[in-house]
Amino acid sequence: MSRTAAEIATQPACWHRAAEAAASFAGFPRPGERVAVTGCGTSWFMALAYAALREAAGQGETDAFASSEFPAGRRYDRVVAITRSGTTTEVLDLLGRLKGSVPTLALTADPKTPVMDAADTVAVLDWADEESVVQTRFATTALAFLRAGLGDVPGVKPVAEAAVDAELAVTEPLPEAVLGAEQWTFLGRGWTYGLALEAALKMREAAGAWTEAYPAMEYRHGPISVTGPGRVAWMFGTLPEGLAGDVARVGGELVARRDTDPLADLIRAQRLAVALAESRGLDPDRPKNLTRSVVLG
């Protein structure tokens with residue numbers, strides 16, 4: 001088993017621990033605050049998901065930005081940064097610019113890195129750290145931690161229930177039609193759009209696969225043209241009305257797990273990325289052209 005696959009399998013336990021840690025953490029954004037969430041790569045996609053969840057919970061206007069694209073003139077009551085390594089240049093540069101002007105919270109896996117001084121408050125999730133270059137368990141655990149801090153979100157399961165769904169997601173066989181496809185399009189709505197983006201990124205990072213991601217209602221505005229026999233449309237969360245028929249009409253394979261928590265469904269996409277990499281003779285622990293952290297000179 002690759003190191004990446006082993007880390008993927010630990011996610012249910014990590015999420016349970018995240019829910020417990022969130023219950024005693026005092027640094028979350030307060031209801032009513034105007035918040036921005038930021039990160040790079042996978043962390044940015046988790047930021048997108050959390051921003052949508054926070055607004056769905058009625059806790060206040062919440063935006064998400066890649067750290068390099070953070071709008072300099074926009075005012076927020078609090079900024080949340082996600083950085084597994086604690087060394088990502090764009091995140092540290094942004095926190096440095098914000099220092100003293102807005103309260104900041106950082107989530108990281110490594111307490112011995114510059115982010116500890118760059119942010120006003122830090123949540124260290126070191127028990128979810130990874131050896132792998134490709135992020136899996138830290139990203140989902142960070143989102144589970146933030147999600148648990150929101151309390152009840154209408155239409156979204158508690159994190160403890162999502163972890164139960166995850167226990168099945170790490171073991172159940174992947175469908176042959178999904179394993180044998182030549183192209184995958186991931187779809188989401190609201191907070192699950194961030195998960196769709198992340199699923200597509202995992203497939204590209206680990207396996208060099210042809211993957212795309214879109215908001216589900218945008219799929220019929222052009223992206224459906226790529227779907228056909230031997231190609232997959234994978235929906236995170238509730239399937240929009242009529243979409244199943246549209247995928248069937250063009251001959252595509254639809255994946256939609258209505259009763260599974262979408263974050264748990266992301267585990268299945270992670271496992272698919274590893275399986276595809278191995279089937280292509282690639283090492284998912286050593287992805288092409290990637291490093292654990294982007295530190296710019």
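**View 1. S43 in helix α3.** S43 lies within helix α3, residues 42-56. Helices are DSSP runs of H or I with at least four residues, strands are runs of E with at least two, and both are numbered from the N terminus. S43 is buried at 3% relative accessible area; buried means under 20%, with a 1.4 Å probe and protein chains only. Leaving aside residues up to four places away in sequence, S43 touches I82, T83, R84 and Q135. Contact means heavy atoms within 4.5 Å.

This is a predicted model: local features need pLDDT of at least 70, side-chain atom pairs count only at pLDDT 80 or more, and totals for chains, interfaces and linings use all residues. Residues are numbered from 1 along each chain as its sequence is written, and side-chain values use heavy atoms, without hydrogens and water.

**View 2. The open sheet of 4 strands.** The strand order is β7-β6-β8-β9, with parallel pairing. β7 (211-215) and β9 (253-256) are the edge strands; each has a single partner, so one side of each lacks a neighbour in the sheet. The twist averages 20° from one strand to the next.

**View 3. Pairing of β6 with β7.** Strand β6 (residues 183-188) runs parallel to β7, joined by 5 bridges. Two strands pair if DSSP finds at least two bridges between them. T185 stands opposite E212 in β7.

**View 4. Helices packed on the sheet.** Helix α9 (residues 192-207) touches β6, β7 and β8 (231-236), and its direction makes about 175° with that of β7. Helix α11 (residues 262-279) touches β6, β8 and β9, and its direction makes about 150° with that of β8. Axes are lines fitted to C-alpha atoms, for helices over the stretch in contact; angles run from 0 to 180 degrees between N-to-C directions.

Methods: Buried means under 20% relative accessible area, exposed over 50%, partly exposed in between (1.4 Å probe, protein chains only).
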